[in-house]
Amino acid sequence: MKKILLFGNPNTGKSVLFSRLTGVNVIISNYPGTTVEFTKGYLKFENQVYEVIDVPGTYTLEPTTKAEEVAVKMLEESIHLLNTNSHAIIINLIDATNLERNLNLTLQLISKKVPLIVALNFWDEVKHKGISIDYQKLEEILGVPVVPICARSGEGIKELIKKLNHAKISNLSFNIDQKWKKIGEIIESIQKVTH
Amino acid sequence: MKKDLTQLEQNQKGKIIEILGGNTVVKKLDSLGIRVNLEIIKLSAISKKGPVIIQAGNAQIALGYNIAKKIILETN
């Protein structure tokens, strides 16, 4: 059975997406840090059953809180799974209205060499705020599938599920000490803000 | 002028020039996107020694008083 892990910053809607994918009801609140322990659910698509895991939100892979410790431990377990030829996919959920802070985690996940899909959540809110994001270009730069979604309304969830088999290990290379510079470059080339 | 974050006035802009404190503090702030050379605005502070709220890019971040003390900014 393939494993899917939902990774992302706190308060990016991982639990909402989890409910959408699996139909399992989890506690969802309008403040960050709701998920401290993880929840498991199952998703069936094209006769394949996936185990979906809702991971607590984390800003970084260097844990500073209890919830982040759980998240990092789960990532390590899935890397271990990959080494034993099992399948694990990581969906990195991003708050598209706050790319800079969220891409930090994306780059850290990329440097761990795991099969990744990036989901840009809050796509409706992005339009409201007058931000335009060239997600196809982001896909090119990162070298992994990027899907804009709106977990609350369910927009884009189908496309995300269809892309599950296209998860890729990115070969983007960068110096981890200069990640903020890299993030700045990426954002400059894909994001435009109009008011 | 050099000031720490707690000394900034409300709605005053500043550029972070130094973060005092150990690896843990620097890394924690880094994970939130707070780093040297970043321009921020102090939005408000709660009471005298309460948390400080800053605007960094699109995000508003609340920082504890003791961490705010460690962030040194350059103001005009």
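Two strands are said to pair if DSSP finds at least two bridges between them, and the strands themselves (E, at least two residues), like the helices (H or I, at least four residues), are DSSP runs numbered from the N terminus. This is a predicted model, in which local features need pLDDT of at least 70 and side-chain atom pairs count only at pLDDT 80 or more, while totals for chains, interfaces and linings use all residues. Residues are numbered from 1 along each chain as its sequence is written, chains are lettered from A and ligands numbered from 1 in the order in which they are written, and side-chain values use heavy atoms, with hydrogens and water left out.

**The sheet of chain B**

In chain B, six strands form an open sheet with antiparallel pairing, in the order S1-S6-S2-S3-S4-S5. At its edges lie strand S1 (2–4) and strand S5 (59–63) of chain B, each of which pairs on one side only. From one strand to the next the twist averages 45°, where axes are lines fitted to C-alpha atoms and angles run from 0 to 180 degrees between N-to-C directions.

Strand S6 (residues 71–74) of chain B pairs with S1(B) in the antiparallel sense over three bridges, and S6(B) is also joined, again antiparallel, to strand S2 (residues 13–19) of chain B by four bridges. Some bridge partners are set out here.

| Residue | Bridge partner in S6(B) |
|---|---|
| Lys2(B) | Glu74(B) |
| Asp4(B) | Ile72(B) |
| Lys15(B) | Glu74(B) |

**The contact between the chains**

Contact means heavy atoms within 4.5 Å, and by this rule 13 residues from chain A and ten residues from chain B take part. Buried area is the accessible area (1.4 Å probe) that two parts lose on being put together, summed over both; between chain A and chain B it is about 1000 Å², of which carbon and sulfur atoms give 50%. Thr64(A), Arg101(A) and Trp180(A) supply 43% of the area that chain A buries against chain B, more than any other three residues.

A salt bridge is a side-chain nitrogen of Lys or Arg within 4 Å of a carboxyl oxygen of Asp or Glu. Two salt bridges are counted between chain A and chain B, and one of them brings together the side chains of Arg35(B) and Glu100(A) (3.0 Å, N to O). On the side of chain A that touches chain B, the elements that give two or more residues are helix H3 (99–111) and helix H7 (179–190) of chain A, and H3(A) gives the most, with three residues.
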